[in-house]
Amino acid sequence: MDRKSFSAGVGLGIVGFILVLLVVVLAIVYSGAYNIAATVDHTPFVRWAFSTTMHNSARDRAVSAGAQPEFSQSMVERGAAEYKSMCQHCHAGPGAERSAWAEGMLPQPPHLIEAASEWEPNEIFWLVKHGVKMTGMPAFGPTHDDDTLWSIAAFVQQLPGMTAQRYAAYEGEASNGSHGD
Ligand code: HEC
């Protein structure tokens, strides 16, 4: 086989491989083979792909979130009240559990008492402003101004290591996100 027909063969092989891959992907999409039930975890590959995409996408985009204002104690206090009413029912708080229905979400909203230490304040701001597709994490940007979102970031940043007493001492009413209980 001369060099030309060898590279033509390799080219055909690649095209064939891509076609087969496309057919497999379409078969999975149309057949309903992938279980979308929130009661069944993702395959390890899909979980890894989603979680890595989310982390890298948020980190990359947060750089353009704008300059972080200096955090004051009054901002943290304001953020605490917002957190209790808008976030605690999914993410829990020191000494405060999340709502029972949040246990049925997939992915599970993480306890920010631990998870917040993985994120910089501008990344928390970005996540809260824009939300996260296909996870249930809402975007609060369309309904809240940047000042409010920065105050939430200021408070969330202080969550790791916060005692239950200190959390309870902040003003604000916990909402469980549903009516009647
Ligand atoms: C309806 C439930 C729900 C509400 C309400 C909610 N979140 Fe989330 N949040 C989620 C879910 C689900 C994720 C994605 C978890 C994942 O994929 O790792 C998430 C992710 C996050 C993350 C990234 C944490 C990580 O390491 O995965 C932060 C930070 C965050 N939320 C902050 C907030 C704040 C602050 C509020 C309130 C303003 C809030 N969230 C309200 C469900 C919620």
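## Pockets in the predicted model

Because domain 1 (1-34) and domain 2 (44-169) both contribute residues to the lining of the second largest pocket, this pocket lies between them. The structure described here is a predicted model.

About 320 Å³ of space lies in the second largest pocket. Its lining is made up of 15 residues, of which Tyr-34, Ile-36, His-42, Phe-50 and Met-134 are the closest to the centre. The elements that each supply two or more residues to the lining of this second largest pocket are helix H1 (3-31) and H2, and by residue class the lining divides into 11 nonpolar, three polar and one charged.

The largest pocket holds about 1,200 Å³ of space. It is lined by 44 residues, and those closest to its centre are Met-54, Pro-107, Val-132, Thr-135 and Met-137. Two or more lining residues come from each of helix H2 (44-62), helix H3 (73-86), helix H4 (88-91), helix H5 (112-115), helix H6 (121-130) and helix H7 (146-157). Among these contributors, H2 gives the most to the lining of the largest pocket, with 10 residues, while the lining as a whole divides into 28 nonpolar, 11 polar and five charged residues.

| Largest pocket | About 1,200 Å³ | 44 residues | 28 nonpolar, 11 polar, five charged |

Conventions:
Residues numbered from 1 in each chain as written. Predicted model: local features only at pLDDT ≥ 70, side-chain atom pairs only at ≥ 80, totals over all residues. Heavy atoms only, no water. 1 Å grid on protein atoms, 1.4 Å probe; cavity = no way out; pocket = protein on both sides within 12 Å on 5 of 7 lines; lining within 4 Å. Points joined across faces, edges and corners; volume = space filled by probe spheres on them. Helix = DSSP H or I, 4+ residues; strand = E, 2+ residues; numbered from the N terminus. Nonpolar A, V, L, I, M, F, W, Y, C, P; charged D, E, K, R; others polar. Domains from an automatic or database assignment.
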